[in-house]
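Reader: I would like to go through this protein one term at a time. Please set each value against its definition.

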Amino acid sequence: MKKRTLLSMAMAATMLAATFTGCGGSREGASTDTATNDTPAATEETTEVAAETTTTSEMPGFDAGATIGVSLPWLGTQNWKEAEDMFSAQLAEAGYNPIVQAADQKVTQQQQQIESMIENGAKVIVVGPVDGSQLGSVLEQAKEAGVYVIGYDRLLENTTGVDGVVQFGSVKTGELQAQALLQGLEELKGEAPYNIELFGGGPADPNAPNFFTGAMSVLQPKIDDGTLVVVSGQTDFTQCATADWDNAKAQQRMDSLLAGNYSDKDIDGVLCPNDGIARACITACENAGQDIPVVSGLDAENESVEWVWQGRQYSTVAKPTEDLVAKTIEIIDSLQAGNGMPSTDVTADNGVIEVPIYELPPVVVTKDNAKEVFANDPSRLELLK
Ligand code: BGC
(Lines give C-alpha, C1' and ligand atoms only; values in the text may rest on other atoms or scores of the structure.)
Protein backbone atom coordinates (compact mmCIF):
# COMPACT_ATOMS: atom_id res chain seq x y z
CA MET A 1 0.00 0.00 0.00
CA LYS A 2 1.12 3.52 -0.68
CA LYS A 3 2.84 5.64 1.90
CA ARG A 4 0.85 8.13 3.87
CA THR A 5 1.59 11.76 3.06
CA LEU A 6 0.77 14.83 5.07
CA LEU A 7 -2.24 16.93 4.22
CA SER A 8 -1.36 20.35 2.98
CA MET A 9 -2.80 22.71 5.57
CA ALA A 10 -3.15 25.33 2.88
CA MET A 11 -5.42 23.06 0.87
CA ALA A 12 -7.54 22.23 3.91
CA ALA A 13 -7.90 25.90 4.71
CA THR A 14 -8.85 26.70 1.13
CA MET A 15 -11.47 23.98 1.10
CA LEU A 16 -12.95 25.15 4.35
CA ALA A 17 -12.99 28.72 3.13
CA ALA A 18 -14.62 27.65 -0.12
CA THR A 19 -17.22 25.78 1.87
CA PHE A 20 -18.20 28.70 3.99
CA THR A 21 -18.19 31.22 1.15
CA GLY A 22 -21.49 29.69 0.19
CA CYS A 23 -23.15 30.74 3.43
CA GLY A 24 -26.00 33.23 3.25
CA GLY A 25 -27.51 33.49 -0.20
CA SER A 26 -25.38 30.85 -1.89
CA ARG A 27 -26.25 30.20 -5.49
CA GLU A 28 -24.97 26.96 -6.85
CA GLY A 29 -25.98 27.94 -10.38
CA ALA A 30 -23.46 30.73 -10.38
CA SER A 31 -20.55 28.36 -9.86
CA THR A 32 -21.73 25.55 -12.09
CA ASP A 33 -23.23 27.09 -15.19
CA THR A 34 -20.57 25.80 -17.54
CA ALA A 35 -20.03 22.46 -15.86
CA THR A 36 -23.50 21.11 -16.38
CA ASN A 37 -24.43 22.00 -19.92
CA ASP A 38 -24.43 18.49 -21.30
CA THR A 39 -25.66 16.58 -18.30
CA PRO A 40 -28.94 14.83 -17.62
CA ALA A 41 -29.61 17.31 -14.83
CA ALA A 42 -29.06 20.44 -16.86
CA THR A 43 -32.70 21.49 -16.65
CA GLU A 44 -32.53 21.38 -12.87
CA GLU A 45 -29.74 23.89 -12.68
CA THR A 46 -30.58 26.83 -10.47
CA THR A 47 -30.22 30.28 -11.96
CA GLU A 48 -30.29 33.76 -10.57
CA VAL A 49 -33.18 35.90 -11.75
CA ALA A 50 -34.92 39.01 -10.68
CA ALA A 51 -37.74 37.30 -8.82
CA GLU A 52 -41.17 38.83 -8.83
CA THR A 53 -42.46 39.32 -5.34
CA THR A 54 -45.80 37.62 -5.02
CA THR A 55 -48.47 39.91 -3.67
CA THR A 56 -50.83 39.12 -0.83
CA SER A 57 -53.91 39.38 -2.98
CA GLU A 58 -52.65 36.57 -5.25
CA MET A 59 -51.95 34.33 -2.27
CA PRO A 60 -54.62 34.50 0.41
CA GLY A 61 -53.77 33.43 3.95
CA PHE A 62 -55.52 30.73 5.95
CA ASP A 63 -56.54 29.72 9.45
CA ALA A 64 -53.74 29.52 12.05
CA GLY A 65 -54.83 25.98 13.01
CA ALA A 66 -54.99 24.73 9.41
CA THR A 67 -54.07 21.24 8.29
CA ILE A 68 -50.59 21.02 6.74
CA GLY A 69 -49.59 17.88 4.80
CA VAL A 70 -46.03 16.63 4.61
CA SER A 71 -45.33 13.84 2.12
CA LEU A 72 -41.87 12.29 2.37
CA PRO A 73 -40.38 9.75 -0.09
CA TRP A 74 -39.28 7.15 2.45
CA LEU A 75 -37.66 6.85 5.85
CA GLY A 76 -34.62 4.91 4.64
CA THR A 77 -32.00 7.51 5.53
CA GLN A 78 -31.59 9.47 8.75
CA ASN A 79 -32.47 12.85 7.19
CA TRP A 80 -36.00 11.72 6.27
CA LYS A 81 -36.64 10.25 9.73
CA GLU A 82 -35.46 13.52 11.26
CA ALA A 83 -37.78 15.41 8.89
CA GLU A 84 -40.73 13.23 9.90
CA ASP A 85 -40.10 13.86 13.60
CA MET A 86 -39.34 17.56 13.28
CA PHE A 87 -42.31 18.39 11.03
CA SER A 88 -44.71 16.47 13.29
CA ALA A 89 -43.47 18.18 16.45
CA GLN A 90 -42.79 21.67 15.15
CA LEU A 91 -45.94 22.09 13.04
CA ALA A 92 -48.04 21.01 16.02
CA GLU A 93 -46.10 23.35 18.29
CA ALA A 94 -46.78 26.21 15.86
CA GLY A 95 -50.53 25.48 16.20
CA TYR A 96 -51.10 23.68 12.90
CA ASN A 97 -52.68 20.28 12.38
CA PRO A 98 -49.92 18.20 10.72
CA ILE A 99 -50.43 15.10 8.58
CA VAL A 100 -46.94 13.66 8.01
CA GLN A 101 -46.58 10.55 5.86
CA ALA A 102 -43.81 8.67 4.05
CA ALA A 103 -44.27 6.74 0.80
CA ASP A 104 -41.80 3.86 1.11
CA GLN A 105 -40.22 4.71 -2.29
CA LYS A 106 -43.54 4.02 -4.06
CA VAL A 107 -44.83 6.65 -6.50
CA THR A 108 -48.45 5.45 -6.41
CA GLN A 109 -48.50 5.42 -2.63
CA GLN A 110 -47.22 9.00 -2.59
CA GLN A 111 -49.84 10.12 -5.14
CA GLN A 112 -52.58 8.58 -2.98
CA GLN A 113 -51.22 10.17 0.19
CA ILE A 114 -51.18 13.60 -1.45
CA GLU A 115 -54.73 13.11 -2.80
CA SER A 116 -55.95 12.28 0.67
CA MET A 117 -54.18 15.34 2.13
CA ILE A 118 -56.08 17.47 -0.42
CA GLU A 119 -59.34 15.75 0.55
CA ASN A 120 -58.57 16.40 4.22
CA GLY A 121 -58.42 20.14 3.54
CA ALA A 122 -54.66 20.70 3.77
CA LYS A 123 -53.79 24.34 3.06
CA VAL A 124 -50.13 23.58 2.33
CA ILE A 125 -48.58 20.32 1.18
CA VAL A 126 -44.83 19.88 1.59
CA VAL A 127 -43.45 17.24 -0.77
CA GLY A 128 -40.15 15.37 -0.92
CA PRO A 129 -40.89 13.33 -4.06
CA VAL A 130 -40.03 9.65 -4.56
CA ASP A 131 -39.73 10.46 -8.26
CA GLY A 132 -39.36 14.15 -9.05
CA SER A 133 -41.26 13.90 -12.33
CA GLN A 134 -44.15 11.60 -11.43
CA LEU A 135 -46.35 13.89 -9.31
CA GLY A 136 -47.35 16.41 -12.00
CA SER A 137 -51.09 15.81 -12.10
CA VAL A 138 -51.73 15.30 -8.38
CA LEU A 139 -49.85 18.52 -7.61
CA GLU A 140 -51.80 20.39 -10.27
CA GLN A 141 -54.94 18.96 -8.64
CA ALA A 142 -53.70 20.43 -5.35
CA LYS A 143 -53.18 23.85 -6.94
CA GLU A 144 -56.68 23.77 -8.40
CA ALA A 145 -58.00 23.11 -4.89
CA GLY A 146 -56.15 26.24 -3.67
CA VAL A 147 -53.43 24.31 -1.82
CA TYR A 148 -49.89 25.71 -1.65
CA VAL A 149 -47.24 23.17 -2.68
CA ILE A 150 -43.67 23.40 -1.38
CA GLY A 151 -40.99 21.00 -2.60
CA TYR A 152 -38.78 19.76 0.21
CA ASP A 153 -35.13 18.72 -0.33
CA ARG A 154 -35.85 17.59 -3.93
CA LEU A 155 -37.09 19.47 -7.00
CA LEU A 156 -40.67 18.89 -8.24
CA GLU A 157 -40.29 18.47 -12.00
CA ASN A 158 -42.56 18.78 -15.04
CA THR A 159 -45.41 20.40 -13.15
CA THR A 160 -46.94 23.83 -12.72
CA GLY A 161 -48.23 22.61 -9.35
CA VAL A 162 -45.37 23.93 -7.22
CA ASP A 163 -44.91 27.30 -5.48
CA GLY A 164 -41.28 26.87 -4.42
CA VAL A 165 -38.66 24.37 -3.30
CA VAL A 166 -36.55 24.41 -0.13
CA GLN A 167 -33.27 22.56 -0.56
CA PHE A 168 -29.52 22.44 -0.10
CA GLY A 169 -27.47 23.23 -3.18
CA SER A 170 -27.28 19.85 -4.89
CA VAL A 171 -24.63 20.60 -7.53
CA LYS A 172 -22.59 22.30 -4.80
CA THR A 173 -22.96 19.15 -2.66
CA GLY A 174 -21.41 17.04 -5.43
CA GLU A 175 -18.55 19.49 -5.80
CA LEU A 176 -17.82 19.28 -2.08
CA GLN A 177 -17.88 15.47 -2.17
CA ALA A 178 -15.38 15.39 -5.03
CA GLN A 179 -13.10 18.01 -3.49
CA ALA A 180 -13.01 16.02 -0.25
CA LEU A 181 -12.23 12.84 -2.20
CA LEU A 182 -9.26 14.51 -3.89
CA GLN A 183 -8.07 15.98 -0.61
CA GLY A 184 -8.30 12.59 1.12
CA LEU A 185 -6.42 10.83 -1.68
CA GLU A 186 -3.53 13.29 -1.41
CA GLU A 187 -3.57 13.06 2.34
CA LEU A 188 -3.77 9.29 2.71
CA LYS A 189 -2.85 7.51 -0.50
CA GLY A 190 0.56 8.85 -1.52
CA GLU A 191 1.37 10.00 -5.01
CA ALA A 192 -1.06 9.92 -7.96
CA PRO A 193 -2.34 8.14 -9.96
CA TYR A 194 -5.20 6.97 -7.75
CA ASN A 195 -7.56 4.12 -8.54
CA ILE A 196 -11.15 5.13 -7.89
CA GLU A 197 -14.76 4.11 -8.55
CA LEU A 198 -17.86 6.30 -8.83
CA PHE A 199 -21.31 5.85 -7.30
CA GLY A 200 -24.49 7.86 -7.87
CA GLY A 201 -27.80 7.96 -6.03
CA GLY A 202 -31.30 6.88 -7.10
CA PRO A 203 -32.01 8.06 -10.65
CA ALA A 204 -35.64 9.02 -9.90
CA ASP A 205 -34.42 11.55 -7.31
CA PRO A 206 -33.63 14.84 -9.08
CA ASN A 207 -30.80 15.45 -6.60
CA ALA A 208 -28.90 12.36 -7.67
CA PRO A 209 -27.84 13.48 -11.17
CA ASN A 210 -27.08 16.94 -9.75
CA PHE A 211 -24.79 15.50 -7.06
CA PHE A 212 -23.02 13.47 -9.77
CA THR A 213 -22.78 16.44 -12.14
CA GLY A 214 -21.23 18.61 -9.42
CA ALA A 215 -18.76 15.87 -8.52
CA MET A 216 -17.76 15.20 -12.13
CA SER A 217 -17.11 18.89 -12.75
CA VAL A 218 -14.26 18.46 -10.23
CA LEU A 219 -13.20 14.88 -11.05
CA GLN A 220 -13.37 14.80 -14.87
CA PRO A 221 -10.34 17.08 -15.40
CA LYS A 222 -8.39 14.86 -12.98
CA ILE A 223 -9.48 11.76 -14.89
CA ASP A 224 -8.47 13.44 -18.15
CA ASP A 225 -4.99 14.35 -16.87
CA GLY A 226 -4.36 10.87 -15.44
CA THR A 227 -4.42 11.82 -11.73
CA LEU A 228 -7.47 9.60 -11.26
CA VAL A 229 -8.06 6.23 -12.90
CA VAL A 230 -11.59 4.83 -12.88
CA VAL A 231 -10.42 1.23 -13.24
CA SER A 232 -13.83 -0.17 -14.24
CA GLY A 233 -14.23 2.54 -16.88
CA GLN A 234 -17.76 3.24 -15.53
CA THR A 235 -18.10 7.02 -15.51
CA ASP A 236 -21.64 7.67 -16.78
CA PHE A 237 -24.32 8.48 -14.24
CA THR A 238 -26.50 5.68 -15.62
CA GLN A 239 -23.72 3.13 -14.98
CA CYS A 240 -22.98 4.48 -11.51
CA ALA A 241 -26.52 5.18 -10.20
CA THR A 242 -27.94 3.17 -7.30
CA ALA A 243 -31.62 2.31 -7.84
CA ASP A 244 -33.79 3.61 -4.97
CA TRP A 245 -30.70 4.69 -3.03
CA ASP A 246 -30.55 1.07 -1.89
CA ASN A 247 -27.36 0.46 0.12
CA ALA A 248 -27.52 -3.30 -0.54
CA LYS A 249 -27.50 -2.67 -4.31
CA ALA A 250 -24.50 -0.36 -3.93
CA GLN A 251 -22.66 -3.00 -1.91
CA GLN A 252 -23.39 -5.63 -4.59
CA ARG A 253 -22.05 -3.32 -7.30
CA MET A 254 -18.93 -2.57 -5.24
CA ASP A 255 -18.43 -6.33 -4.62
CA SER A 256 -18.52 -7.04 -8.33
CA LEU A 257 -16.34 -4.06 -9.26
CA LEU A 258 -13.73 -5.32 -6.79
CA ALA A 259 -13.97 -8.92 -7.98
CA GLY A 260 -13.77 -7.94 -11.64
CA ASN A 261 -11.13 -5.20 -11.53
CA TYR A 262 -9.12 -5.18 -8.34
CA SER A 263 -7.78 -8.69 -7.76
CA ASP A 264 -4.26 -7.32 -8.37
CA LYS A 265 -4.84 -3.65 -7.57
CA ASP A 266 -5.51 -1.41 -4.62
CA ILE A 267 -8.63 0.73 -4.64
CA ASP A 268 -7.74 4.19 -3.35
CA GLY A 269 -11.02 6.06 -3.38
CA VAL A 270 -14.76 5.86 -3.98
CA LEU A 271 -17.09 8.76 -4.77
CA CYS A 272 -20.24 8.01 -2.77
CA PRO A 273 -23.38 10.16 -2.93
CA ASN A 274 -24.56 9.60 0.65
CA ASP A 275 -23.51 8.03 3.92
CA GLY A 276 -25.45 4.77 3.58
CA ILE A 277 -23.79 4.04 0.23
CA ALA A 278 -20.44 5.14 1.67
CA ARG A 279 -20.67 2.59 4.50
CA ALA A 280 -21.80 -0.10 2.04
CA CYS A 281 -18.77 0.54 -0.19
CA ILE A 282 -16.34 0.63 2.74
CA THR A 283 -17.76 -2.67 4.00
CA ALA A 284 -17.38 -4.27 0.54
CA CYS A 285 -13.73 -3.13 0.41
CA GLU A 286 -13.03 -4.49 3.89
CA ASN A 287 -14.65 -7.81 2.93
CA ALA A 288 -12.43 -7.97 -0.15
CA GLY A 289 -9.31 -7.52 2.00
CA GLN A 290 -8.57 -4.02 0.67
CA ASP A 291 -7.24 -1.21 2.84
CA ILE A 292 -10.05 1.27 3.46
CA PRO A 293 -10.28 3.66 0.50
CA VAL A 294 -10.99 7.38 0.79
CA VAL A 295 -14.79 7.64 0.63
CA SER A 296 -17.11 10.65 0.45
CA GLY A 297 -20.65 10.79 1.83
CA LEU A 298 -23.65 12.97 2.61
CA ASP A 299 -26.08 13.62 5.46
CA ALA A 300 -23.77 13.45 8.50
CA GLU A 301 -25.69 10.38 9.66
CA ASN A 302 -24.77 9.41 13.21
CA GLU A 303 -23.03 6.20 12.18
CA SER A 304 -20.98 7.97 9.52
CA VAL A 305 -20.06 10.82 11.86
CA GLU A 306 -18.59 8.09 14.10
CA TRP A 307 -16.83 6.50 11.13
CA VAL A 308 -15.38 9.86 10.07
CA TRP A 309 -14.14 10.41 13.60
CA GLN A 310 -12.59 6.91 13.63
CA GLY A 311 -10.96 7.48 10.24
CA ARG A 312 -13.04 4.80 8.57
CA GLN A 313 -15.04 7.12 6.26
CA TYR A 314 -13.05 10.13 5.04
CA SER A 315 -15.80 12.73 4.67
CA THR A 316 -19.48 13.47 4.77
CA VAL A 317 -21.50 16.58 3.94
CA ALA A 318 -23.76 18.15 6.55
CA LYS A 319 -27.14 19.40 5.34
CA PRO A 320 -28.91 19.92 8.67
CA THR A 321 -32.52 18.79 8.62
CA GLU A 322 -33.42 21.32 11.33
CA ASP A 323 -32.41 24.17 9.01
CA LEU A 324 -34.43 22.80 6.09
CA VAL A 325 -37.50 22.22 8.28
CA ALA A 326 -37.15 25.67 9.88
CA LYS A 327 -36.99 27.32 6.46
CA THR A 328 -40.07 25.37 5.31
CA ILE A 329 -42.08 26.34 8.38
CA GLU A 330 -41.02 29.97 7.92
CA ILE A 331 -42.57 29.82 4.42
CA ILE A 332 -45.72 28.14 5.74
CA ASP A 333 -46.06 30.92 8.35
CA SER A 334 -45.68 33.54 5.63
CA LEU A 335 -48.40 31.85 3.56
CA GLN A 336 -50.66 31.52 6.60
CA ALA A 337 -50.33 35.22 7.38
CA GLY A 338 -51.30 36.08 3.81
CA ASN A 339 -47.82 37.33 2.92
CA GLY A 340 -47.32 34.88 0.07
CA MET A 341 -44.07 33.13 -0.81
CA PRO A 342 -40.99 34.99 0.42
CA SER A 343 -38.94 36.46 -2.41
CA THR A 344 -35.82 34.69 -3.61
CA ASP A 345 -33.43 35.42 -6.44
CA VAL A 346 -32.77 31.75 -7.27
CA THR A 347 -34.95 29.64 -9.55
CA ALA A 348 -34.71 26.25 -11.25
CA ASP A 349 -36.25 25.23 -14.56
CA ASN A 350 -38.40 22.22 -13.70
CA GLY A 351 -39.13 21.50 -17.36
CA VAL A 352 -42.34 23.55 -17.34
CA ILE A 353 -41.82 26.61 -15.13
CA GLU A 354 -39.07 28.47 -13.30
CA VAL A 355 -39.53 27.35 -9.69
CA PRO A 356 -38.44 29.69 -6.86
CA ILE A 357 -35.68 27.95 -4.89
CA TYR A 358 -34.90 28.63 -1.22
CA GLU A 359 -31.38 27.30 -1.08
CA LEU A 360 -29.21 26.50 1.94
CA PRO A 361 -25.45 25.84 1.86
CA PRO A 362 -24.15 22.29 2.43
CA VAL A 363 -20.95 21.97 4.51
CA VAL A 364 -18.24 19.34 4.02
CA VAL A 365 -17.15 17.45 7.15
CA THR A 366 -13.85 15.64 7.73
CA LYS A 367 -12.19 14.63 10.96
CA ASP A 368 -10.30 17.93 10.86
CA ASN A 369 -13.33 20.23 11.03
CA ALA A 370 -16.00 17.96 12.58
CA LYS A 371 -15.90 19.60 16.02
CA GLU A 372 -16.24 23.02 14.44
CA VAL A 373 -19.12 22.02 12.12
CA PHE A 374 -21.07 20.32 14.93
CA ALA A 375 -20.28 22.92 17.60
CA ASN A 376 -24.01 23.71 17.88
CA ASP A 377 -25.26 20.13 17.40
CA PRO A 378 -24.90 18.44 20.81
CA SER A 379 -26.06 15.00 19.64
CA ARG A 380 -23.46 14.81 16.87
CA LEU A 381 -20.79 16.45 19.01
CA GLU A 382 -21.37 13.64 21.49
CA LEU A 383 -20.29 11.13 18.78
CA LEU A 384 -16.84 12.70 18.44
CA LYS A 385 -15.13 10.82 21.23
C1 BGC B 1 -31.30 13.58 -0.03
C2 BGC B 1 -30.22 12.90 0.76
C3 BGC B 1 -30.57 11.44 1.01
C4 BGC B 1 -31.02 10.76 -0.27
C5 BGC B 1 -31.53 9.35 -0.02
C6 BGC B 1 -31.59 12.79 -1.27
O7 BGC B 1 -32.56 13.42 -2.04
O8 BGC B 1 -30.89 14.89 -0.36
O9 BGC B 1 -30.07 13.59 1.98
O10 BGC B 1 -29.48 10.74 1.52
O11 BGC B 1 -32.03 11.51 -0.88
O12 BGC B 1 -32.59 9.32 0.87
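Reader: Which residues of helix H11 are called buried, and what does the word require?

Author: The buried residues of helix H11 (residues 302-310) are Ser 304, Val 305, Trp 307, Val 308 and Trp 309. Buried means under 20% relative accessible area, exposed means over 50%, and partly exposed lies in between, with a 1.4 Å probe and protein chains only. Helices (H or I, at least four residues) and strands (E, at least two) are DSSP runs, numbered from the N terminus. This is a predicted model, in which local features need pLDDT of at least 70, side-chain atom pairs count only at pLDDT 80 or more, and totals for chains, interfaces and linings use all residues. Residues are numbered from 1 along each chain as its sequence is written, and side-chain values use heavy atoms, with hydrogens and water left out.

Reader: What covers the buried residues of H11?

Author: The cover includes H10, strand E11 (315-318), strand E14 (363-366), helix H13 (370-373) and helix H14 (378-381). After H11 comes Gly 311, with a positive phi near 80°.

Reader: What makes Phe 199 count as buried?

Author: Its relative accessibility is 1%, so Phe 199 counts as buried. Phe 199 sits in the loop between strand E7 (194-198) and helix H7 (207-224). Its C-alpha atom is 8.0 Å from that of Phe 237, 38 residues apart along the chain.

Reader: Why is Thr 159 called buried, and which residues does Thr 159 touch?

Author: Thr 159 counts as buried because its relative accessibility is 1%. Thr 159 lies in the loop between strand E5 (148-152) and strand E6 (164-168). Not counting residues up to four places away in sequence, Thr 159 touches Gly 136, Leu 139, Glu 140, Asn 350, Val 352 and Ile 353. A contact means heavy atoms within 4.5 Å.

Reader: How many disulfides does the structure hold, and how do you know?

Author: It holds 0 disulfides. Cys 272 is in none, and the nearest cysteine sulfur, that of Cys 281, is 3.7 Å away. A disulfide is a pair of cysteine sulfur atoms within 2.5 Å. For Cys 285, the closest cysteine sulfur is again in Cys 281, at 6.7 Å, so the distance is too far for a bond. Cys 272 has a relative accessible area of 0% and is therefore buried. Cys 285 is at 0% relative accessibility, so Cys 285 counts as buried.

Reader: What describes the packing of H9 and H10?

Author: Two packed helices are described by the angle between their axes and the distance between the axes. The axes of H9 (residues 247-261) and H10 (residues 275-287) come within 8 Å and cross at roughly 35°. Axes are lines fitted to C-alpha atoms, for helices over the stretch in contact, and angles run from 0 to 180 degrees between N-to-C directions.

Reader: Which residues meet there?

Author: Among them are Met 254 and Leu 258 in H9, and Ile 277, Cys 281 and Cys 285 in H10.

Reader: How confident is the predictor?

Author: The mean pLDDT (the predictor's confidence in each residue, from 0 to 100) is 89, and 85% of residues reach 70 or more. The pLDDT is below 50 over residues 50-57, a stretch with 8 contacts beyond near neighbours in sequence. Residues 1-44 also stay under 50, with 81 contacts beyond four places in sequence.

Reader: What are the totals for the protein?

Author: The protein has 14 helices and 14 strands. Of its 385 residues, 55% count as buried.
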